[in-house]
Amino acid sequence: MSDSAFLRAARGEAADHVPVWFMRQAGRSLPEYRKLREGVPMLESCFRTDLIVEITMQPVRRLGVDAAIFFSDIVVPLKAIGVDLDIVPGTGPVIADPIRRRDQLDQLRDVEPDDVSTITDAVTALTEELGDTPLIGFAGAPFTLASYLIEGGPSRDHRVTKALMHSEPDLWHALLGRLAAIAGQFLRAQIEAGASAIQLFDSWAGTLPLADYQTFVAPHSAAVLASVADLGVPRIHFGVGTGELLGAMGDAGAEVVGVDWRVPLDEAVERIAPGKSVQGNLDPTLLFAPTEVVHAKAADIIAAGRKAPGHIFNLGHGVLPETDPEALARLVDFVHAQS
């Protein structure tokens with residue numbers, strides 16, 4: 001597996017083709033996923049070994065991607081340690097008792113093996129079924145987890161989060177320190193069970209200016225990435241709307257920096273620290289355009305990606321639910337043929 005195109009590109013080594021996988025490829029747009037999930041709440045599906053395995057495998061079978069992404073959600077480790085939350089259809093994660101006081105941090109305990117046993121069992125089963133196709137482990141970054149916990153759910157402006165960050169910096173850093181430990185423990189459990197790479201996903205980091213990111217966020221994301229450095233697997237760090245943060249994200253320690261569609265990939269390479277591989281960055285909405293339009297843009301991205309030591313082709317964010325799976329399959333074939 002160490003010679004797979006995905007792992008070679010992640011390490012900045014030459015590969016025989018540009019590898020491709022898609023964020024949120026496990027689920028959402030696949031009819032077989034929707035059929036399997038009928039009547040099953042999202043969080044339940046994230047803790048059932050059989051469902052995790054099947055959902056993770058579905059896009060690998062259908063699309064021929066170069067890596068599988070572990071089916072999960074960023075709030076899974078929080079649920080595993082007992083935080084009272086749910087994923088509400090049409091809304092997202094909802095926290096019963098938002099965290100805004102220091103005494104509430106006590107609930108953010110360490111992740112123990114028994115908390116995630118069904119999840120690690122799924123990772124082990126997947127590595128056996130995937131054979132030489134790498135499995136990417138997954139966790140939410142401390143800032144995004146903190147935002148959900150503080151706001152009580154999704155937020156358009158993150159006003160409560162930012163207010164707490166600036167008005168109570170000691171509480172802020174204590175909270176993110178706990179979340180960094182939890183995310184690192186969750187990633188370590190996946191790697192030790194067989195995952196051959198990981199991605200740290202920071203959905204909301206792009207809402208911050210660079211100075212705030214460097215002061216209040218980057219040290220904690222770096223702590224997560226450092227906590228699994230000894231395990232020797234490639235680490236991917238991705239955020240949405242993070243064009244102005246790419247240099248700081250590159251400095252956080254991951255071997256690969258994910259780039260959303262807002263910044264041309266060759267320009268992103270200039271912003272990121274030298275020696276880093278890149279991942280991205282087709283606009284997910286372009287998959288609704290004619291095939292020739294999609295493939296022309298993909299060819300441009302592949303050409304731009306050659307400026308980096310390694311390039312993993314991906315979307316600039318997750319697959320949209322209405323995406324035609326056949327458009328994804330055609331794109332995989334095109335990327336492989338071009339390279």
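# Briefing on a predicted protein model

Helix H7 (residues 142-151) packs against helix H9 (residues 169-193) at an angle of about 115°, and their axes are 9 Å apart. The structure described here is a predicted model. The protein chain has 14 helices and nine strands.

**Overall form**

- For 339 residues, a compact globule would have a radius of gyration near 20 Å, and the 19 Å of the protein chain agrees with this.
- Along the principal axes, the C-alpha atoms of the protein chain fill a box of roughly 55 × 45 × 40 Å.

**Helix H9 and its partner H7**

- Two packed helices are described by the angle between their axes and by the distance between the axes.
- The crossing in which H7 passes H9 is right-handed.
- On the H7 side, the contact is made by Pro142, Phe143, Leu145, Ala146, Leu149 and Ile150.
- These residues meet Trp172, Leu175, Leu176, Leu179 and Ala180 in H9.
- The contact of H7 with H9 consists of 11 nonpolar residues, with no polar and no charged ones.

**Helix H9 and its partner H6**

- Helix H6 (residues 117-130) also packs with H9: their axes come within 8 Å and cross at roughly 35°.
- The crossing of H6 and H9 is right-handed.
- Ile119, Thr120, Val123, Thr124 and Thr127 form the H6 side of the contact, and they meet Phe186, Ala189, Gln190 and Ala193 in H9.
- By class, five residues of the contact of H6 with H9 are nonpolar and four are polar, while no charged residue takes part.

**The largest pocket**

- The volume of the largest pocket is about 1100 Å³.
- Its lining is made up of 35 residues, and those nearest the centre of the pocket are Arg24, Arg28, Met42, Asp73 and Ile87.
- Strand E2 (85-88), strand E3 (92-95) and strand E5 (197-202) are the elements that give two or more residues to the lining of this pocket.
- E2 provides the largest share of the lining, with three residues.
- Sorted by class, the lining of the largest pocket has 22 nonpolar, eight polar and five charged residues.

**The second largest pocket**

- The second largest pocket holds about 210 Å³ of space.
- It is lined by 15 residues, and Ala15, Val18, Arg306, Gly310 and His311 are the closest to its centre.
- Eight nonpolar, five polar and two charged residues make up the lining of the second largest pocket.

**The cavity**

- The structure holds one cavity of 30 Å³ or more.
- The largest cavity has a volume of about 40 Å³.
- Leu287, Ala289, Thr291, Val294, His295, Ala327, Arg330 and Leu331 line the largest cavity.
- Helix H13 (291-305) and helix H14 (325-338) are the elements that give two or more residues to this lining.
- The lining of the largest cavity contains five nonpolar residues, two polar residues and one charged residue.

**Backbone details**

- Arginine 24 lies in the loop between helix H1 (5-10) and helix H2 (31-36).
- The phi angle of arginine 24 is near 65°, which is a positive value in a residue other than glycine.
- Arg24 is also among the residues that lie nearest the centre of the largest pocket.
- The peptide bond from glycine 280 to asparagine 281 is cis, with an omega angle near -5°.
- Asparagine 281 has its place in strand E8 (residues 277-282).

Note on methods. Residues are numbered from 1 along each chain as its sequence is written. This is a predicted model: local features need pLDDT of at least 70, side-chain atom pairs count only at pLDDT 80 or more; totals for chains, interfaces and linings use all residues. Side-chain values use heavy atoms; hydrogens and water are left out. Axes are lines fitted to C-alpha atoms, for helices over the stretch in contact, and angles run from 0 to 180 degrees between N-to-C directions. Helices (H or I, at least four residues) and strands (E, at least two) are DSSP runs, numbered from the N terminus. A crossing is left-handed if the near helix is turned anticlockwise from the far one by less than a right angle, and right-handed if clockwise. Contact means heavy atoms within 4.5 Å. Ala, Val, Leu, Ile, Met, Phe, Trp, Tyr, Cys and Pro count as nonpolar, Asp, Glu, Lys and Arg as charged, and the others, Gly among them, as polar. On a 1 Å grid over the protein atoms alone, a cavity is a set of points where a 1.4 Å probe fits but cannot get out, and a pocket is an open set with protein on both sides within 12 Å along at least five of seven lines; lining residues have an atom within 4 Å of a point. Grid points are joined across faces, edges and corners, and a volume is the space filled by probe spheres set on the points. The radius of gyration is taken over C-alpha atoms; the globule rule is 2.2 Å times the number of residues to the power 0.38.
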